[in-house]
Amino acid sequence: MKILNLGFCCCCFFFLLFGTAAAQSGFPKIELPNVKRFGFFIFGDSSVDGGNNNYVMNATSDCRANFPPHGETFFHIPTGRFCDGRIIPDFLTEYAEMPFIKAYLDPNNDNHMNGVNFASGGAGVLAETNQETAIGLQTQMKFFKNVEKSLRKKLGNETSQSFLSNSVFLFNFGGNDYIKPFNISHDILKTIDAQQQLVNMVIGNMTIALKKVFNYGGRKFGILGLPPTGYLPSSRLKRIEQFFQETSSIARIHNKMFYIALQKLFADTHTFLLQRILNPTKYGNQFPLLIQLTDHINSRHLSVINHIASLSTIEFINSLINFAIIF
C-alpha cells in the first residue's frame, strides 16, 4: 500500500518513529522534535507493557511476566515485560537516546518528564475485556489524565501544553478484544458481519481515546497494526484451525477499517481549517490570515490560497503535520 503523510503513524513494526534507522530502511524519515522537552507515552497491551501488571493485584499468571524466562537476554531478571529482552518501546527510546520509560504503577516512578508507560498485559479497548486482571484503555486514559494534571501543576499550562504537543503517543490495542470472544464460543465471530460489528466497536472506542489525547495537546501519534493474532505462539498452543483463520481474518479487517477511520478522523480538521483560512471574518477574525502575515495580498498570495483550496484532505494535512501511515 502507498505510504501517505498524515497526522498519525500506523505500522505493524514501529521502529521508525524517531527516525534514526529510517534513512536505511527506505521508509520516510521522521525527525525528533527540535525542542528541549518531549516525552513518550505508551498505551496498550502485553506487546508494550513495561511492567504495570507486576502491580495489578488480580492479574493471573497469564497476565504477568515477572518470572523467568522473561527478561533473561537483556535485563537478566524478569521486569514485567512480556519478552525475554526488550519490547518495542525500549527500542524506540534507545533510538531517541532516552531512558527506558517506566510503568505508571511502578512505585519508584515519580518523574513523568520522559513520559509514562500505561500499558497492561491482557488489556483491551472494550471495558469487558479482561477487566478483572488487566488495566483496560479506559483506565489507562484515566491514568494519563492524572499525569496531565501533574504536568500542568509542575510546568504551568503553557509549558505543559508545549511538552505534550512535542511528545509521542504510542497505542497498541485490539488483539485481546478479538481473542476474548473465542473463549465463549468458536462460532461467535463466524460471519464477516459479526466480525465487522466487533471491529466497529473497538475502533470507535479507540478513536474516542485518540481525540481525548488530541484535546489534551497530543499531536504525534503511533498506532500499531494488528499481527495475525491466530498464529501467535500463545494462540497456537491451545486453539483449533478455525480459530487461526477467523482471528487472523478479523485482524485484517481491523487494520483495513482502522486505516480508513484515521483518515476520516482528520477529515473534519481539513474542513475546519480551510473554512477559517478562506473566510476568516466569518469566524470572528477581523483580518484575513495572509493580511496579518504580510499586510498585503498580491497574486502570489492568491495563488497560495487557490492551491490550498485544491488540496485533498491528506495533502492538506501533510502540509500541517509531518507524520506517516505505514501498513
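These questions and answers walk through one predicted model.

Residues are numbered from 1 along each chain as its sequence is written. Local features need pLDDT of at least 70, side-chain atom pairs count only at pLDDT 80 or more, totals for chains, interfaces and linings use all residues, and side-chain values use heavy atoms, without hydrogens and water.

Visitor: How many helices and strands does the chain have?
Guide: Helices (H or I, at least four residues) and strands (E, at least two) are DSSP runs, numbered from the N terminus. By that count the chain has 11 helices and seven strands.

Visitor: What share of the residues is buried?
Guide: Buried means under 20% relative accessible area, exposed over 50%, and partly exposed in between (1.4 Å probe, protein chains only). The chain has 327 residues, and the buried part comes to 48%.

Visitor: Why is β6 described as largely enclosed?
Guide: Side chains of a regular strand alternate between the two faces of the sheet. K220, G222 and L224 point one way from β6, while F221 and I223 point the other way. Both groups are buried. β6 is largely enclosed by the rest of the structure because its buried residues number five of the five.

Visitor: Which residue of β6 is the bridge partner of L170?
Guide: Two strands pair if DSSP finds at least two bridges between them. β5 and β6 pair in the parallel sense over four bridges. The partner of L170 in β6 is G222.

Visitor: Is H70 buried or exposed?
Guide: H70 lies in the loop between β3 and α2. Leaving aside neighbours within four places in sequence, its contacts include R64, I77, F82 and D84. Its relative accessible area is 17%, so H70 is buried.

Visitor: Which residue has its backbone oxygen 2.8 Å from a polar atom of the H70 side chain?
Guide: A polar contact is a pair of N or O atoms within 3.5 Å; within protein, one must be able to donate a hydrogen and the other to accept it, and residues adjacent in sequence count only if both atoms are side-chain atoms. Here the backbone oxygen belongs to F67.

Visitor: How are the rings of F144 and Y216 arranged?
Guide: Rings of Phe, Tyr and Trp (its six-membered ring) pair if their centres lie within 6.5 Å; planes under 30 degrees apart count as stacked, over 60 as edge-to-face and the rest as tilted. The F144 and Y216 rings are 5.6 Å apart centre to centre, with 80 degrees between the planes. The arrangement is edge-to-face.

Visitor: How far apart in sequence are the parts that this pair ties together?
Guide: F144 is buried, at 0% relative accessible area, whereas Y216 is partly exposed, at 24%. F144 lies in helix α3 and Y216 in helix α6, so the pair ties together parts separated in sequence by 72 residues.

Technical notes: Contact = heavy atoms within 4.5 Å.
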